Amino acid sequence: MNKGLKSNRRDFLKIAATTGGGLLIGFNWSACDSPKMKVISDQEIYDRAVNFNSFLSISPSNHVVIFSPNPELGQNIKTSFPMIVAEELDVDWANVRVQQAFLDTEKYDRQVTGGSGAMPHSWQRLRQAGATARQMLMEAAAKRLNVPITELKTDKGNVIHGSKKLNYGELANEAAALTVPEEVKLKEVKDFKIIGTAVKNVENDAMFTGQPLYGLDVYRDGMLHAMIQRAPFGMKLKSVDADEAKKVNGVKDVVTFKDNVAVVGTGTWPLMKARKLLKIAYEPIDKALESTAFHNSKFDEMLNSGAAEVKRKDGDVNAAFKNAARIIKSEYQCPFLSHSPMEPMNFFANVKEDSVELIGPTQTPDRARNAAAEICGIAPEKVSVELTRLGGGFGRRLRADFVEEAVELSKMLKAPVKLTWTREDDITGGAYRPAVKYRFEAALNSKDELVGYKLTGVGMNSGNSTRENNFPAGAIENLEIKSMAFDSPITTNAWRAPITNFLAFAEQSFLDEVAEAMGKDPVAFRLELLDKAKANPVGEIHYDIDRMRGVINTAVEKSGWGKKQGVSQGFSVYFSHRSYVAQVAEARIVDGKAILDKIYAITDCGIVINPTGADQQVRGGMLDGMGHAMFANLTFTDGIADQKNFDTYRLIRMKEIPEIETHFIDNGIDPTGLGEPALPPTGGAVANAIYKASGQRLRNQPFSNEEGMKNLNLGNPA
Amino acid sequence: MANYKLKVNNKNFEVDVDSDTPLLWVLRDNLGLIGTKYSCGISQCGACTVHLNDEAVRSCGLPVSSIGDAKITTIEGLSDNGDHPVQEAWKEVDVAQCGYCQAGQIMTAAAMLKKNPSPSEEEVIDGMNANLCRCGTYHRIKEAVLLASAKIK
Ligand code: FES
Ligand code: FES
């Protein structure tokens, strides 16, 4: 039996009865506490729903409202989280209504979307919330029917005793008067009725009929529109001539703050026009302005400097390389990338006398609040943050730069302001995936055994560009991982599967190179390494060897690895964000053109909450990984991005996608996140398949820029 | 500034805007029809797709002065109850991730199916290729267009 978590802060519980009736159970997400309770009327539940963060509520009409605290950006959390609550509550999904919660740091402790971390964090908490409510409803029914609780069961929002059925709504008031149980039983995995079924996105109707859901859809009375011309990287504002810009119909003012020039007005188009008429002069801050050629030379300088910081050292690497019979060495490089969610950055801010109202798309509402509080010199509690649906995020909306800009402007203009970034602002405006270069070296002894391994990662504002404790660390006796970052004025930020989005490609390609040099099958080689790590682990190991083997073996089976004629298969496997994904890509060369037919993806993320959502996340991550590996490139000239919109900054399109077949390992382990883990392995699987098919090793992204690939032509759209 | 009479979703509107204002911004900023989305503004992504006399057009590149008395349909007016076969198929296939591109995808698909109710898979890919989806819902978009086509028949 799966035992519920014990409540340890009883004083957190509150019961409040009001007229009208209805049971509202709040769950404190921060400490697995027993829930708070509150009774409100059905009408209140629906009318005032947004005022009750953190609560699971049941109306007398037997409706269940579940509040979803985390920002929804397409990872489908607004559907999958409530599914878990509804499962333990044992209600009919058709009676559940889901409501996005505002930011509330008292009630929720991790109102963040990032790092694929929400699911592992909240899984038990969500179950506990549902199970506690169910338990109390059963107790109320036991009292009313005067029968022992052991004779009761629940089904689809009813408590059942023999032929008698009481729905949750009619029990809600009585349940609310009971003491909240300290310990509740959770369901067994085999008894799940909602978890594991394909539940459709709760916002389908709204999305497909054009309802206002997103930050850019926010319009308020008296609201001013604003856009900002930002300084190139490494430059500051010198002077502005806004005379012409101010003449545009609908433009109200042009103001400056920090190194920004903002145009404000009554609509979006006037601002777009006015910006083109601004005459702005900038001057360099101190260093020389950066261009891509400079970054390239910096990479080599750093790699050759020997100054990189040691992140992990096992055994005696120097001896292993000194005594090596053969050394294999390869370098891999990737460019900066823009996140480019389809909805560009934007935010609404209304700075009032002693409070601030914020509305918009952010992955970190708490950061937005604190930034606003600091700018306005008020307490964070005076800042409200309403979360809109995010038109994508990919890590870009973890930052609060666009929130700060909106707040600054609203404060300065004493009016509600909606700040909109254009696509050009979005692509040229920074906080990119850092450009990184890796040098891998492998030492083989005279028996062709892998005895030494070195990796040095260097990057632009990349922080640690390695994941020193990840595979193959633990499997190689002599290993050294080093990292070094250059301090560039070009801003960087987490980008879906930070660092591993490129590291996994480079490493999985290099392992293929090593396997080939040893004359080994790439899959057999990886399994051998895992066997070694299992039998004689070297140093710390942060991945689960059996789970990694599990996805590898299933990938071999599902893809018919090594058994197919006429296609070239490439393999890749990666552990990130607590999940395991193995992929097999299949490529062919037709008329000198690389055709990617299919990719198999085998994922172990533990229990799959919602198969339709999980399949989406895997596909989405893979197309993201593959599309950017093939086409996306962001280069710089004197601190300005050369690519400014989707005409030159290439995203993958429908014609370029392979067939994808997804499988999930069914092992009943507690679920982990899926927003990121399918991305890292994809570039490697694709590159390894293309190598098999064409003989060309792809070491630099985007692949479409690689020498031979111009002829291979990965399929530019007609 | 000039006055323009527009027929959107079978309703008549009058707006006072500069002649070069793209239809996208008239819809969003002036008429409150925010279902039509902005993403690139240079006719590269399809997020802003609407129908002009049943043709799918990119409203971000269409100056209001060029519209004349053409009939405009936006996602809000595609059907009365969100039950156009394309919308139904989109729900059934559960197409969206972030959903931001989907209004444009639906409008593109609906216009294509109006002209060619039984497209081949190739024709679907050709017809939808110009619409970007950053979340990568392309497999499901393809599946949903084919399902909608089956529903129309
Ligand atoms: S916004 Fe019109 S095509 Fe992109
Ligand atoms: S669903 Fe997010 S851009 Fe298409």
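I looked up the area buried between chain A and chain B in this predicted model. The value is about 4,800 Å², with 56% of it from carbon and sulfur atoms (accessible area, 1.4 Å probe, that two parts lose on being put together, summed over both). Phe208(A), Met342(A) and Met654(A) supply 19% of what chain A buries against chain B, more than any other three residues.

Next I checked who takes part. Chain A brings 62 residues and chain B 50 residues to the contact (heavy atoms within 4.5 Å).

I then turned to charges and found 8 salt bridges between chain A and chain B (a side-chain nitrogen of Lys or Arg within 4 Å of a carboxyl oxygen of Asp or Glu). One of them joins Lys273(A) to Asp20(B) at 3.0 Å, N to O.

Which helix of chain A gives the most to the side that touches chain B? I found helix 16, with 9 residues (helices are DSSP runs of H or I, at least four residues, numbered from the N terminus).

Last, I looked up Asn688(A), which sits in helix 17, residues 680–694. Asn688(A) counts as buried because its relative accessibility is 0% (buried means under 20% relative accessible area, 1.4 Å probe, protein chains only). Beyond four places in sequence, Asn688(A) contacts residues including Gln508(A), Asp512(A), Arg526(A) and Arg697(A).

A note on conventions: residues are numbered from 1 along each chain as its sequence is written, and chains are lettered from A in the order in which they are written. Local features need pLDDT of at least 70, side-chain atom pairs count only at pLDDT 80 or more, and totals for chains, interfaces and linings use all residues, while side-chain values use heavy atoms, without hydrogens and water.

Terms used
Helix = DSSP H or I, 4+ residues; strand = E, 2+ residues; numbered from the N terminus. Buried < 20%, exposed > 50% of the residue type's maximum accessible area, 1.4 Å probe, protein only.
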